[in-house]
Amino acid sequence: VFYRENPAVSVGNVGQLAVDLIVSTLNMCRVGYLHTDCLIPMAGNNPYATSAENANDLSTSAEVYSSPDLKLAVLQIRSPIIQKKSKKFRKLLVSWMKTSGFSRTVVLSSSHAYQRDDQQLLGTPLRYLLTPSMQKETGDHLKEMDWKEMETVSAFPGVSDSEQRLCIPGGGVTKGLFTASCAEDIPLAIVLIFCSEGDNIPDAFTLLNHLNTWLHLVETPIQTQPKWRIPASWRLLFGSGLPPALF
Amino acid sequence: MATFFGEVLSVYSRAVEEDDDELDDENEEDEQIRREIEEKREVYIEWYPDVTQSVSSGNCTLQCSDLIIAVGPNASGFLSAYVLNTESWDAVGHVSLWNEKSRCTSRQPPLPGEPACRFYRHRDNPSVLMCQSTCYVAEDQLFQWADKVFGSLLNRGLNVMVLSDSPVAEYKTPDNLYGSAVPFLRSLKSSAFKDQALCPALEQPNILTGLPAAVLSHCQVHRIPAVLYQCYTDVIGPDTVTMETYKPALTSLSKLVKLEPCPSADALRRFAKVSEAQSNLYT
């Protein structure tokens, strides 16, 4: 019985960076594609290439990787969801989760740091959310690990007795996926980090190290951080080399 | 977000658009408007009467062994100058679509010179199809384009070649390209393509987007052998030097159809736009 992880396309692309690290470090094999009109098409050579032999495997906008030993499946989404198709995409993911029968699903995501309230500015930037069926299974364990649940916000800020609602600004389909999974009784967890656009590599590492304390994807001795392998595709994230004539 | 100078900037994310929850608050009227917009943006393949007649009734599916697609003015210009210059090609169809930049909605064949997606078939070898795409296909239409074009073809035994233009500014390399040989070719191929490509592979972290990406993704998922040659150039618009960069593809193309010997410089110039300043303060 497998469990599954996927990123939401969200602020800083942190979820996707984290998934890249998982696939690259655990040497996961591609086992399928998510071929849908909901994503902007993209293609490129193997982002996790380790040698000349595997460098030229074509990669598309959404692919599924698997590690049978860890009973882990991972969905990587590499391009933005087309505007107005997010509802359709959520339905596609929910239906896939149900038919595949994953024992649990974890969504890695992020949210705009600048929309935190005064309380959220203090302490850890990491949050989690669990659907009811996941709450039964894992809720106590995460509380023991001192994880912080995502706070709800007032529908009308400043009005003390107004309705509380869940808000994940910059989270893309995260909130929709969570609400749909609650409604369909799917065991799903969201793990997210507050961050801003920029060099989000450190955020990806923070999110992944945090996730690892729960899922133990990579075994690490106590008091050390896990070692993740950075994939080849992370080169030149901020553009090409500089022309020498500039100086 | 406030900046050092006190003004407030709206912050955006490169990954997500805001207002992703809009769709959940739709009422019937919103839904109807959304459906009408979707219908307006639908992609149609218009096959001409002589083609539809030669295929059995029902779905128009063409027998096709080789499909060559050119995306962009230089790739299309290359095909026009080196391949479509003989009298052996018939126009067999075009794509009709509407978006903010392309109004190719007519069921009639587009006029020469008009941006469009046109299909041609070789008279002596009717299983060889060529497509020149010079119009803009929007992000939400790309998947449909590939799906409908390949849906019109019998995929058994199909091989695909894509030629595509790209600005060299989008090419990422650790060594700066100043003084290097530009324009140049890079290739990508689907897993089912077992031959050698005719130029070096596109190195990570470079990626394809747009129509070439939609075509190659479709071929990868449906296990169709496909190879793509992307030409990185520093010239905007059709240019003879850029068009000539695609010449290595002629070795594969000459195995499919008889090609004319190299076109003259004059013939090439016909397909290249010469940009002349209409008026100049200094002359």
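I placed A:Asn13 in the loop of chain A between strand S1 (3–7) and helix H1 (14–25); helices (H or I, at least four residues) and strands (E, at least two) are DSSP runs, numbered from the N terminus. Its phi is near 55°, a positive value in a residue other than glycine.

The model is predicted, so local features need pLDDT of at least 70 and side-chain atom pairs count only at pLDDT 80 or more, while totals for chains, interfaces and linings use all residues. Residues are numbered from 1 along each chain as its sequence is written, chains are lettered from A and ligands numbered from 1 in the order in which they are written, and side-chain values use heavy atoms, with hydrogens and water left out.

I then looked up A:Lys71, in the loop between strand S5 (62–67) and strand S6 (72–77) of chain A. A:Lys71 is not a glycine, yet has a positive phi of about 55°.

In chain B I checked for cis peptide bonds. One runs from B:Val182 to B:Pro183, with omega near 5°; B:Pro183 sits in the loop between strand S9 (159–167) and strand S10 (184–189). Another joins B:Gln204 and B:Pro205, with omega about 5°, and B:Pro205 lies in the loop between S10 and strand S11 (207–209).

Helix H5 (residues 210–221) of chain B gives the largest share, three residues.
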